[in-house]
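Trainee: I should like to learn how to read a helix and its surroundings in a structure. May we work through one together?

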Amino acid sequence: YLKTVEWFKEKYPKSEYNEIIDFMTADVYQAMAKEPEHTYNDDIVIQKYKEAIAKYPQSPLAERTSLKIGYLALEQGDSLSAIRLFKEHIDNKNFGDKDVLSKDLARMGMGLAFMRLNKWEDSIAQYDDIEKNSKNRDLKVEAAYRRGDVWVRAKNYAKAVDEYQKSLKKYPEGQPYYPNAFYNQAESLFGMQKYPESLDLYRDFVKKFPSSDHAPYAMTRLGELMEIMGADKSRVMGAYLETYFRYGETPSAVIARLRLLSARMKSMKPKESANAVDEIMTLAKKVDLPNMEQFATVMVADGFTQRGEFDKSIDPLSKYY
């Protein structure tokens, strides 16, 4: 493609197609940046897009591209640059009035960027603006649901629960599209130690979204909640077993497997318990989740404690520290 572009521009330097080609070329650089054999990166891609916009500010492709580079910066984790790029997009008169759809999408991106910078009130302000002023119903609904996400990240669980409940009541049509309103609400209630309410919401989440990536976590949490609330041990183990049975050795189901192995160590023979310890530590290394080694160590220690082998329980903890 790049060789053909070079040939074409030499042959037709003033072609009307050069406008489209410049934007397409930036797209090609973006595609190549994803290929391991190329040395291009997102910084080069963003620069190519910016050059196309500067050269053809009135192009129908400029609006789409301006929005795209803001989201590229967001994907890179550069939230400050993303905010600046989104603001430039919103202020650009070439893209029409304030209520243009792409400008609402830019505000949505700004809300996410502010949240990642822990600027909670600034993030909420963007979502409030969208819900109040956008002419697009889908974006109004999304903005309402996203406010709960902000307060979850801020660990203000009471506000998060309140926002999700308001959104579910005001925009019930959003329920199938925002499982976060159920899962995050349940997790917030767990953080507030409102265990029966949390249990009910996790159960509701699993029923509504059995194929969600978070469903195994929810089922594992059901087992943990039942254990906290003093349920019969067989029911607790049943929840972990069901999680592992449904979702196998997926990363999100491994936590249930670790809890299951730890709980079963009490009734195992010495050789079986040693194998269980090896399996717990091996599974933990396969999963790219935070603090997995720490969690696995605690599960091993718990298993030995239930066996009454207290020296063996202390040993992995002291080695970890």
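Mentor: Let us begin with the exposed side of a helix. Residues are called buried under 20% relative accessible area, exposed over 50% and partly exposed in between, with a 1.4 Å probe and protein chains only. In helix 13, the face turned away from the buried side carries the exposed residues Ser234, Arg235 and Phe245. Helices (H or I, at least four residues) are DSSP runs, numbered from the N terminus. The model is predicted: local features need pLDDT of at least 70, side-chain atom pairs count only at pLDDT 80 or more, and totals for chains, interfaces and linings use all residues. Residues are numbered from 1 along each chain as its sequence is written, and side-chain values use heavy atoms, with hydrogens and water left out.

Trainee: Which residues of helix 13 are buried?

Mentor: An α-helix has 3.6 residues a turn, so residues three or four places apart point the same way. The buried residues of helix 13 are Val236, Met237, Ala239, Tyr240, Thr243, Tyr244 and Tyr247. They cover an arc of only 150° around the axis, which puts them on the same side of helix 13; the arc is that of the directions from the helix axis to the C-beta atoms.

Trainee: Against which helices do the buried residues of helix 13 pack?

Mentor: Packing is judged by contact, meaning heavy atoms within 4.5 Å. The partners of these buried residues are helix 12 (215-228) and helix 14 (251-264). Just after helix 13, Gly248 takes a positive phi of about 60°.

Trainee: How is the length of helix 3 checked, and what span should it have?

Mentor: The expected span of a helix is 1.5 Å times one less than its number of residues. Helix 3 (residues 42-55) has 14 residues and should therefore span 20 Å; its end C-alpha atoms are 20 Å apart, which agrees.

Trainee: Which residues of helix 3 are buried, and which exposed residues lie on the face turned away from them?

Mentor: Val45, Ile46, Tyr49, Ala52 and Ile53 are buried in helix 3. Seen down the axis, they fall within an arc of 120°, so they line one face of the helix. Asp43, Ala54 and Lys55 are the exposed residues on the face turned away. The buried residues pack against helix 2 (18-33) and helix 4 (60-76).

Trainee: Which residue caps the N-terminal end of helix 3?

Mentor: The cap is Asn41, with a side-chain oxygen 3.0 Å from the backbone nitrogen of Asp43.

Trainee: Where is Arg307 found, and is Arg307 buried or exposed?

Mentor: Arg307 is found in helix 16, and at 18% relative accessibility it counts as buried. A polar contact is a pair of N or O atoms within 3.5 Å; within protein, one must be able to donate a hydrogen and the other to accept it, and residues adjacent in sequence count only if both atoms are side-chain atoms. The side chain of Arg307 makes such a contact with the side chain of Glu309 (3.2 Å). Leaving aside neighbours within four places in sequence, Arg307 is in contact with residues including Met265, Lys269 and Ser273.

Trainee: What phi does Lys155 have, and where does Lys155 lie?

Mentor: Although Lys155 is not a glycine, its phi is positive, about 60°. Lys155 lies in the loop between helix 8 (137-153) and helix 9 (157-170), and at 63% relative accessibility Lys155 counts as exposed.

Notes. Helices (H or I, at least four residues) and strands (E, at least two) are DSSP runs, numbered from the N terminus.
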